[in-house]
Amino acid sequence: MTNFLSHEHRTVGWLRQHWFIPLAIAIALGDVGALHFQDWSQPRLFESAVLFDFTIVLPLLYLWCYRARGTAVILPMIGLASLGIWATSHLIPAEHQHLLGSIAWLRTLAIAVIVLFEVKILFSFYKAVFTSDSTPEDIADKLARDVPLPPWLMRVLAFEARMLRRLAGLLKRFFARLR
């Protein structure tokens with residue numbers, strides 16, 4: 001009995017921390033259900049409602065749920081809005097898409113911002129690998145402090161740092177022999 005209650009307590013704790021996930025699923029299923037069971041007599045209304053839910057409501061709910069993480073929540077929120085534009089473009093039939101054509105550039109802009117941020121992270125990682133005398137694990141730990149990363153990704157980055165250092169050493173020895 002005690003084990004059951006502790007499991008139930010963990011579930012409640014998880015829902016308190018991540019209430020966005022079941023709410024987002026409910027909103028998405030509600031929108032998909034509404035699109036499936038309607039007659040398309042007012043396509044602009046349906047398109048704008050789904051677009052509003054997927055690109056404004058869900059990212060703002062995500063921001064509200066994970067606001068304690070600070071500015072680290074901004075990039076996933078931008079990605080979620082971009083995903084909302086993409087999902088809406090697949091849910092609304094092409095002949096009923098009126099607003100999506102005019103805001104498609106926002107999705108491209110959001111993806112560009114995300115890619116630039118990832119390039120910045122990778123550049124700082126590679127710079128730390130090749131310019132410091134720290135161990136690869138220390139470099140991965142420092143990167144994880146700067147950018148919140150899951151533990152499994154830290155291990156992957158440390159492994160990558162070790163492999164890059166070995167490759168750099170191998171290339172240095174190879175080119176030293178050629179001289």
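Of the contacts in the protein between residues at least 6 apart in sequence, 64% join residues at least 24 apart. Keep in mind as you browse that this is a predicted model. Its secondary structure comes to 7 helices and 0 strands, and buried residues account for 28% of the 179 residues.

**Helix α2**

- Spanning residues 20-36, α2 has 17 residues and reaches 24 Å from its first C-alpha to its last, close to the 24 Å expected at 1.5 Å a residue.
- Five names to pick out in α2 are Phe20, Ala24, Ile27, Asp31 and Leu35, which are buried.
- Looking down the axis of α2, you will find these buried residues within an arc of 65 degrees, so they line one face of the helix.
- Leu29 and His36 are exposed on the other side of α2.
- Among the elements covering the buried residues of α2 are α3 (43-65) and α4 (74-91).

**The α3 and α4 pair**

- Two packed helices are described by the angle between their axes and the distance between the axes.
- For α3 and α4, the axes come within 9 Å and cross at roughly 160 degrees.
- Because angles over 145 degrees count as roughly antiparallel, α3 is roughly antiparallel to α4.
- The crossing of these two helices, α3 and α4, is right-handed.
- On the α3 side, the residues that meet α4 include Val50, Leu51, Phe54, Leu58 and Tyr62.
- On the α4 side, those that meet α3 include Met77, Leu80, Ala81, Gly84 and Ile85.

Notes
Residues are numbered from 1 along each chain as its sequence is written. This is a predicted model: local features need pLDDT of at least 70, side-chain atom pairs count only at pLDDT 80 or more; totals for chains, interfaces and linings use all residues. Side-chain values use heavy atoms; hydrogens and water are left out. Helices (H or I, at least four residues) and strands (E, at least two) are DSSP runs, numbered from the N terminus. The expected span of a helix is 1.5 Å times one less than its number of residues. Buried means under 20% relative accessible area, exposed over 50%, partly exposed in between (1.4 Å probe, protein chains only). The arc is that of the directions from the helix axis to the C-beta atoms. Contact means heavy atoms within 4.5 Å. Axes are lines fitted to C-alpha atoms, for helices over the stretch in contact, and angles run from 0 to 180 degrees between N-to-C directions. Angles under 35 degrees count as roughly parallel, over 145 as roughly antiparallel, 65 to 115 as roughly perpendicular and the rest as oblique. A crossing is left-handed if the near helix is turned anticlockwise from the far one by less than a right angle, and right-handed if clockwise.
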